[in-house]
Amino acid sequence: MISKLLLAMPFFTVVVLALLGLAAMLFKRNLVKILMGLSLMESAVNLFLVATGYRQGGVAPIFSNVPDGQMVLPTVQALTLTSIVIGVATSAMMLSFAMVLYKKYGTVDSREIRKLKG
Amino acid sequence: MRLALYSAILLVLFGGLMYIAADLPFGKPAVTDMDDYFIRHGQEQTGANNIVTSIVFDFRGFDTLGEATVLFTAVLGVGMMFRKLNAGEEYEND
Amino acid sequence: MKMTKIVRTTADLFFPFCLVFGLYVVIHGHLTPGGGFQGGAVMATGTALLLVARAYDDITGRIRKTALKICEATGLMMFLLAGLSGIFKGLPFMANWMAATGKLFGSPVAFGPNPGDLNTAGLLPLLNVGVGIEVLGGLTIILLYMLSGIKDPEKKP
């Protein structure tokens with residue numbers, strides 16, 4: 001039972017990372033810290049995707065000078081590549097939004113930005 | 001009040017997700033038919049040694065086209081945010 | 001705000017090696033782990049090293065935005081034209097018509113482990129180079145635009 005729980009350790013890490021990211025997005029007021037929470041959640045989803053396609057004792061799915069053994073699933077690694085690039089694009093746009101908001105309002109506190117009107 | 005409500009939601013989510021994550025099989029994926037086909041026929045149909053690259057650029061190349069467009073659109077959005085204003089005042093939507 | 005002379009000289013010396021390693025990762029995308037996106041990110045790291053070591057006013061003379069915009073657009077156009085080249089032969093969009101024929105990039109590959117041959121995978125190296133150039137241009141332009149939005153505290157307006 002303990003060994004079965006220890007075997008599922010990557011999925012426990014995924015849950016802890018996702019909930020830490022969600023807690024950072026809910027409880028923090030600074031805009032940059034909220035964006036860090038979103039980046040944590042994206043890392044958790046990428047880790048979950050890669051951990052789904054693992055085979056016990058597997059090698060990388062590349063045929064150049066490969067050692068013996070079964071290969072891990074390659075489809076989920078392709079999905080993770082796409083997800084990482086989309087995370088980069090989203091983070092770049094949101095950080096530039098934060099810079100323009102600081103230039104206009106003079107503060108990065110989300111409750112102050114919500115209060116001021118013009 | 002807000003703090004208590006958010007903490008309660010997070011604790012319920014934590015318990016539920018940990019209970020589900022303990023049952024997930026790690027190391028023995030359930031259905032592997034598509035990936036076995038890719039590993040067996042990837043080299044003769046694409047000619048690439050790297051099966052992941054052959055999936056990203058040949059078997060699912062249309063998704064990669066969409067992803068390159070997403071990166072292009074992100075650069076477009078950042079460039080729009082930091083443009084130099086012509087002769088008017090701050091931002092034209094004031 | 002600029003760094004000391006040691007940091008600037010080291011960044012200048014290290015930048016070509018970063019570009020060469022990034023191009024190696026891009027070109028060998030069908031043989032080793034890597035490919036278009038990964039190699040493009042390595043090349044953009046080399047450019048980011050130059051941006052960090054110098055003040056913004058010094059670097060806009062050397063790395064111009066126009067050249068990088070042309071770079072990025074050329075990358076995406078290379079991807080699209082390589083994909084459309086299959087339509088002129090009657091095959092679907094992005095079909096790998098160069099894969100096992102024997103001319104450019106067309107050596108056949110047997111099933112099983114082998115030391116890789118660079119001449120092999122058909123349309124894949126062209127797509128990899130296109131995406132790599134696009135990612136280099138895109139990430140460097142994002143960095144340059146974000147740097148131009150910062151007001152320098154040492155300069156008087």
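**Exposure, contact and core in a predicted model**

Reader: Why is A:D68 called exposed?

Author: A:D68 has 6 other C-beta atoms within 10 Å. A residue is exposed if 12 or fewer other C-beta atoms, placed from the backbone, lie within 10 Å of its own, buried if 20 or more, and partly exposed in between; A:D68 is therefore exposed. This is a predicted model, in which local features need pLDDT of at least 70, side-chain atom pairs count only at pLDDT 80 or more, and totals for chains, interfaces and linings use all residues. Residues are numbered from 1 along each chain as its sequence is written, and chains are lettered from A and ligands numbered from 1 in the order in which they are written.

Reader: Where is A:D68 placed?

Author: A:D68 is in the loop between α3 (31–52) and α4 (75–105) of chain A; helices are DSSP runs (H or I, at least four residues), numbered from the N terminus.

Reader: What makes B:I55 stand out in the largest nonpolar core?

Author: B:I55 is one of the residues that touch the most other members of this core of 48 residues. A nonpolar core is a set of buried Ala, Val, Leu, Ile, Met, Phe, Trp, Tyr and Cys residues joined through C-beta atoms within 7 Å. The largest share, 13 residues, comes from α5(C).

Reader: How many residues form the contact of chain C with chain B?

Author: Chain C gives 31 residues and chain B gives 20 residues, two residues being in contact if their C-beta atoms, placed from the backbone, lie within 7 Å. On the side of chain C, α5(C) gives the most, with 10 residues.

Note on methods
Helices (H or I, at least four residues) and strands (E, at least two) are DSSP runs, numbered from the N terminus.
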